[in-house]
Amino acid sequence: MGREEALQKSLVALAALMAVVGIWTFSLKKMLTTYAFGILGIAGILLPDWEYFDRDFSQWFTPMPARRIPAADRAPGSWRFKLYPLRVAMITLIYSFGLYKWWMFVSS
């Protein structure tokens with residue numbers, strides 16, 4: 001699955017979730033909150049420059065070298081999410097807290 005296809009599927013899933021929240025709660029405010037949280041979540045997972053974060057953690061605070069492989073020359077599956085423990089822990093912690101806050105708001 002390419003990046004564009006993943007983005008399209010994520011946006012369709014977000015639209016379905018917004019419809020469910022809207023039907024369940026009859027609240028425009030909760031639907032818009034779901035939309036905002038969903039867009040931020042999609043942006044946080046699909047849009048970051050993973051080439052930057054695929055380096056060792058100690059190199060995150062130094063600039064990227066200027067030489068980059070053009071997108072056409074990359075291997076088809078090279079964009080896939082790599083499971084680095086620190087990155088997974090950070091993303092899990094941030095998104096778990098966000099989902100908890102969103103659920104408390106929507107279910108209230």
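Q: What kind of model is this, and how are its residues numbered?
A: This is a predicted model, in which local features need pLDDT of at least 70, side-chain atom pairs count only at pLDDT 80 or more, and totals for chains, interfaces and linings use all residues. Residues are numbered from 1 along each chain as its sequence is written, and side-chain values use heavy atoms, with hydrogens and water left out.

Q: How many helices and strands does the protein have?
A: Helices (H or I, at least four residues) and strands (E, at least two) are DSSP runs numbered from the N terminus. By that rule there are four helices and zero strands, and the pattern along the sequence reads α-α-α-α.

Q: What do the UniProt "transmembrane region" entries look like in the model?
A: The unreviewed UniProt entry lists residues 7-26, 32-50 and 84-103 under that name. UniProt positions are given in the numbering used here, feature names are shortened, and annotations may be inferred rather than shown by experiment. In the model, residues 7-26 are 95% helix and 0% strand, with end C-alpha atoms 27 Å apart. Residues 84-103 are also 95% helix and 0% strand, and their end C-alpha atoms lie 28 Å apart.

Q: Why is V106 called buried?
A: Buried means under 20% relative accessible area, exposed over 50%, and partly exposed in between (1.4 Å probe, protein chains only). V106, in helix α4, has a relative accessible area of 2%, so it is buried.

Q: What is V106 in contact with, beyond its neighbours within four places in sequence?
A: Contact means heavy atoms within 4.5 Å. On that basis V106 touches V21, W24, T25, K30 and T34. Between V106 and T34 the C-alpha separation is 8.2 Å, although they are 72 residues apart in sequence.

Q: Why does I91 count as buried?
A: I91 has 18% relative accessibility, which is under 20%, so the residue counts as buried. I91 lies in helix α4, and its C-alpha atom is 8.7 Å from that of G44, 47 residues away along the chain. Over the protein, buried residues make up 18% of the 108 residues.

Q: Why is F26 called exposed?
A: The relative accessible area of F26 is 75%, which is over 50%, so F26 is exposed. F26 sits in the loop between α1 (3-25) and α2. Its phi is near 55 degrees, a positive value in a residue other than glycine.

Q: What makes K9 and E5 a salt bridge?
A: A salt bridge is a side-chain nitrogen of Lys or Arg within 4 Å of a carboxyl oxygen of Asp or Glu. The closest N and O atoms of K9 and E5 are 3.4 Å apart, so the pair meets the definition. Side chains of opposite charge can pair when their charged atoms come close. K9 and E5 are four residues apart in helix α1, which means a separation of about one helical turn. K9 at 47% and E5 at 36% both count as partly exposed. A search of the whole structure finds one salt bridge.

Q: What is the accessible surface of the protein?
A: Accessible areas come from the Shrake-Rupley method with a 1.4 Å probe; for residues, only the protein chains shown count as cover. The total is about 8100 Å², of which 71% belongs to carbon and sulfur atoms.
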